[in-house]
Structure formats: C-alpha cells, structure tokens
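Hello,

Here is the structure I promised to pass on to you. Please open it beside this message, and then read on for what turned up.

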Amino acid sequence: MTSRSSRSWPPDRLQYAPRVAPTATVLVWFKLRSPELADDFERLMAGDRDVVRGSLDTVSDWRLTRPLDMPGQATEQADYVLIAEIVEVERWEQQISEQLERLEDELTRLVSSRGLLVVGHVL
C-alpha cells in the first residue's frame, strides 16, 4: 500500500472532465428591405422559432432582438440580430443549412442582407 505522501506529483495520468460536444454562440444579423416589413419578419421568425425547437436539437436556446444604438456600433447594418446557443457544432451546420433552404424564398422577400458569426467557447 502506497501512502499518499509517497505518490509522485504530477501524477502519471491527470483526470480530466469527460469531453463534451463543442458548443458555440451564433450571431445572425438581418437588414430588412424596408422598415414596413418588420411585422412580417417578426411573424416569420416567431413561426420559425417553433420549427427550430422541434427540429434543431443542436440549438439549446435562441432569441431575436434589435441592436442597441451605441456609440461606435454600426446599427445601420442590422435591423435584427438573432443570438443562438448551439451544441454539436458540426451537426448544427448541416441542420441550419437545411433550415435556411426552407426559409430562403421568404427571407429573400424580406431581407436585403444578412450575416453570420459563429463564436466558439474558449474554455
């Protein structure tokens, strides 16, 4: 039996927490073709929220908001920002591609431009 004090440090094998699927935060910004389309866009996104909850198991939470008018921030680039927490990034990429294809016609009618930024967690 080895006493606690006689064990070498560092141990031969460190015990780490089990590896979990990579997670990330996704930011998608939308510029509407016209401010008058805001109600239609919000309806589309509200309906899509139900679809996302039922079909995208890689999205743990998401919310749609308007950007704040802050000094140094280019609010003219986006009328809306969607923020989503995702798990299993690789599988999410496939699921979101299918979702965007489904929404493409409606988004083209409502949105003049959109951008996407995926930010991985550091720790």
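Leaving aside its neighbours within four places in sequence, which residues is L107 in contact with? They are F30, F41, L44, L100 and R114, where contact means heavy atoms within 4.5 Å.

A word on the basis: this is a predicted model, in which local features need pLDDT of at least 70, side-chain atom pairs count only at pLDDT 80 or more, and totals for chains, interfaces and linings use all residues. Residues are numbered from 1 along each chain as its sequence is written, and side-chain values use heavy atoms, with hydrogens and water left out.

L107 also belongs to the largest nonpolar core, which has 23 residues. Such a core is a set of buried Ala, Val, Leu, Ile, Met, Phe, Trp, Tyr and Cys residues joined through side-chain atoms within 4.5 Å; buried means under 20% relative accessible area (1.4 Å probe, protein chains only). F30, F41, V59, L82, I86, L107 and V111 touch the most other members.

Next, have a look at strand 3 (residues 80-87). Strands here are DSSP runs of E with at least two residues, numbered from the N terminus. Six of the eight residues in strand 3 are buried. Strand 3 pairs with strand 1 (residues 23-32) in the antiparallel sense over eight bridges; to pair, two strands need at least two DSSP bridges between them. In this pairing, W29 stands opposite V81. Strand 2 (residues 59-65) also runs antiparallel to strand 3, joined by six bridges, with D61 opposite E85.

Enjoy exploring!

How values were computed: Buried means under 20% relative accessible area, exposed over 50%, partly exposed in between (1.4 Å probe, protein chains only). Helices (H or I, at least four residues) and strands (E, at least two) are DSSP runs, numbered from the N terminus.
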